[in-house]
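This report describes selected features of one protein model, from helix packing to individual backbone details. It is to be read alongside the sequence and coordinates shown here.

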Amino acid sequence: MPVRAERIAADIEAIGRMTHSPGNGADRPTFSSAWRQARDHFLAEAERAGCHCRIDAAGNVHARPRGVAWSRRVWLSGSHLDSVPHGGDFDGVVGVVAALEVLRAAHEDGRADLPLEAIVFAEEEGTTFGLGMLGSRGWAGTLDAAGLAAVRNRDGRNYWEAGVDHGAVPDRLVAERLQAASYAGFIEVHIEQGPAMWKHDRRVALVTAIAGRRQYAVTLRGTANHAGSTGMNDRHDALAGAAEVIAAVECLPDLLGDHAVATVGRITVSPNAVNVIPASADLTVDLRAPDDHALDHGDERLRAFVASAALRRGLGHEVAQTESLPAVRLDEGLADRVRSAAERLGLSPLPEAVSGALHDAAILAPLVPTVMLFVASRDGISHNPAEFSRIDDVAEATQLLADVVRNVPDAF
Ligand SMILES: [Zn+2]
């Protein structure tokens with residue numbers, strides 16, 4: 001089943017033109033007309049490649065070769081077509097097109113029985129409804145119909161209202177939920193969205209874990225006072241305390257092992273005036289690591305840093321955890337299968353990576369054996385019109401995918 005880079009390139013270009021901001025990147029909010037156009041492109045191409053297609057109650061599209069009944073156990077591969085505002089042409093699209101291209105290659109080879117289902121997840125990014133991976137969460141059952149009714153887009157329409165013309169139906173959500181036993185495994189091809197692979201000239205990598213994430217709201221409370229008449233030893237400066245915390249957060253990943261990252265992304269200071277010692281500082285902390293022990297350790301260290309900075313300066317303090325998503329270990333058995341395929345294709349040893357960003361794969365991984373394949377992102381730029389990946393790299397990942405899904409062995 002030889003995959004064709006020129007067909008992959010043509011799809012990515014065609015979908016890139018389906019945007020609400022022509023010339024200024026991909027703008028395809030879920031259930032918008034540009035998003036629908038991109039989804040229709042996938043459906044038309046899949047049907048041309050001899051597939052039958054269906055849309056599940058959460059609005060995700062599924063396509064299988066016509067020779068493969070919906071009841072048969074198969075591999076699953078795909079990603080998303082929605083984008084952030086002014087995003088790139090590769091995020092999500094690459095994974096959808098890779099699965100589509102394997103179906104086309106099989107059709108060309110007369111393999112009407114290829115055990116592969118391609119999937120387009122509805123709403124991955126989180127920018128349309130303020131919460132991400134809604135299509136996969138709805139299908140996997142980690143978000144119910146009421147949960148999807150509680151999120152709204154900028155027109156004030158909830159997931160069901162916005163999705164009604166695109167196949168989303170709350171009444172069928174439970175009946176059409178993912179049946180894990182129907183899938184041998186899920187393989188999501190995606191761009192890396194970070195600089196590591198490009199920098200080290202790694203074209204395709206096997207992702208073995210998706211980082212977990214903890215987010216915090218940290219508050220430091222001091223005393224507002226006159227910036228001229230209050231001596232340096234008589235101050236309770238909340239912003240100076242926050243500065244210590246920010247510097248400590250930047251060093252935190254060094255204590256947590258490989259692939260850990262920590263960010264203070266937002267700070268609010270009060271009263272925020274040139275001649276007043278700051279009375280309070282509120283900051284956010286986003287901490288990610290590929291295993292939960294590292295996250296637990298990071299949690300302890302963060303609380304200790306804040307407490308000691310507060311104590312030194314006589315400040316009140318609070319650390320509230322606002323989100324906790326566990327790290328996801330991807331499937332070792334399926335990873336081995338990918339490594340063997342890489343060996344057959346002369347791509348061995350396949351570089352390995354950890355995903356710092358969340359993906360639909362993180363939702364499916366607890367239910368179905370899951371791995372991801374990353375394709376290098378030029379200079380690590382993503383969620384930006386300048387986002388770029390080499391078509392040859394996408395084709396290489398697609399060929400690897402094609403090799404993995406040739407058959408479903410009994411062991412899976
Ligand atoms: Zn994505």
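This is a predicted model: local features need pLDDT of at least 70, side-chain atom pairs count only at pLDDT 80 or more; totals for chains, interfaces and linings use all residues.

The contact involves R337, V338, A341, A342 and R344 on the α10 side, and L400, D403 and V404 on the α12 side. Sorted by class, the residues of this contact comprise five nonpolar and three charged, with no polar residue.

Helix α10 spans residues 332-344 and helix α12 spans residues 391-404; their axes lie 9 Å apart and form an angle of about 115 degrees. Because angles of 65 to 115 degrees count as roughly perpendicular, α10 is described as roughly perpendicular to α12.

## Domain arrangement

The domain assignment divides the protein into domain 1, made up of 5-210 + 327-404, and domain 2, covering 216-325. The centres of the two domains, taken over C-alpha atoms, are separated by 38 Å. Four residues from domain 1 and eight residues from domain 2 take part in the contact between them. On the domain 1 side, the touching residues are three nonpolar and one polar, with no charged residues.

## The surroundings of Y216

Y216 is located in strand β7, which covers residues 212-221. Y216 has 22 C-beta neighbours inside 10 Å and therefore counts as buried, since the threshold for that class is 20 or more.

Leaving aside residues up to four places away in sequence, Y216 touches T284, V285, L302, V319, A320, Q321 and T322. For one of these, T284, the C-alpha atom lies 5.6 Å from that of Y216, although 68 residues separate the pair in sequence.

## Cis peptide bonds

The peptide bond from S270 to P271 is cis, with omega near 5 degrees. P271 belongs to the loop between β10 (267-270) and β11 (276-277).

A cis peptide bond also joins S348 and P349, where omega is about -5 degrees. P349 is placed in the loop that runs between α10 and β15 (352-355).

H86 is not a glycine, yet its phi is positive, at about 50 degrees. H86 occurs in the loop between β3 (74-80) and α3 (93-108). With 15 other C-beta atoms within 10 Å, H86 is partly exposed.

E123, likewise a residue other than glycine, has a positive phi near 50 degrees. The loop containing E123 lies between β4 (116-121) and α4 (134-140). E123 counts as buried, having 34 C-beta neighbours inside 10 Å.

Note on methods. Residues are numbered from 1 along each chain as its sequence is written. Domain bounds come from an automatic or database domain assignment. Two residues are in contact if their C-beta atoms, placed from the backbone, lie within 7 Å. Ala, Val, Leu, Ile, Met, Phe, Trp, Tyr, Cys and Pro count as nonpolar, Asp, Glu, Lys and Arg as charged, and the others, Gly among them, as polar. Helices (H or I, at least four residues) and strands (E, at least two) are DSSP runs, numbered from the N terminus. A residue is buried if 20 or more other C-beta atoms lie within 10 Å of its own, exposed if 12 or fewer, and partly exposed in between; C-beta atoms are placed from the backbone. Axes are lines fitted to C-alpha atoms, for helices over the stretch in contact, and angles run from 0 to 180 degrees between N-to-C directions. Angles under 35 degrees count as roughly parallel, over 145 as roughly antiparallel, 65 to 115 as roughly perpendicular and the rest as oblique.
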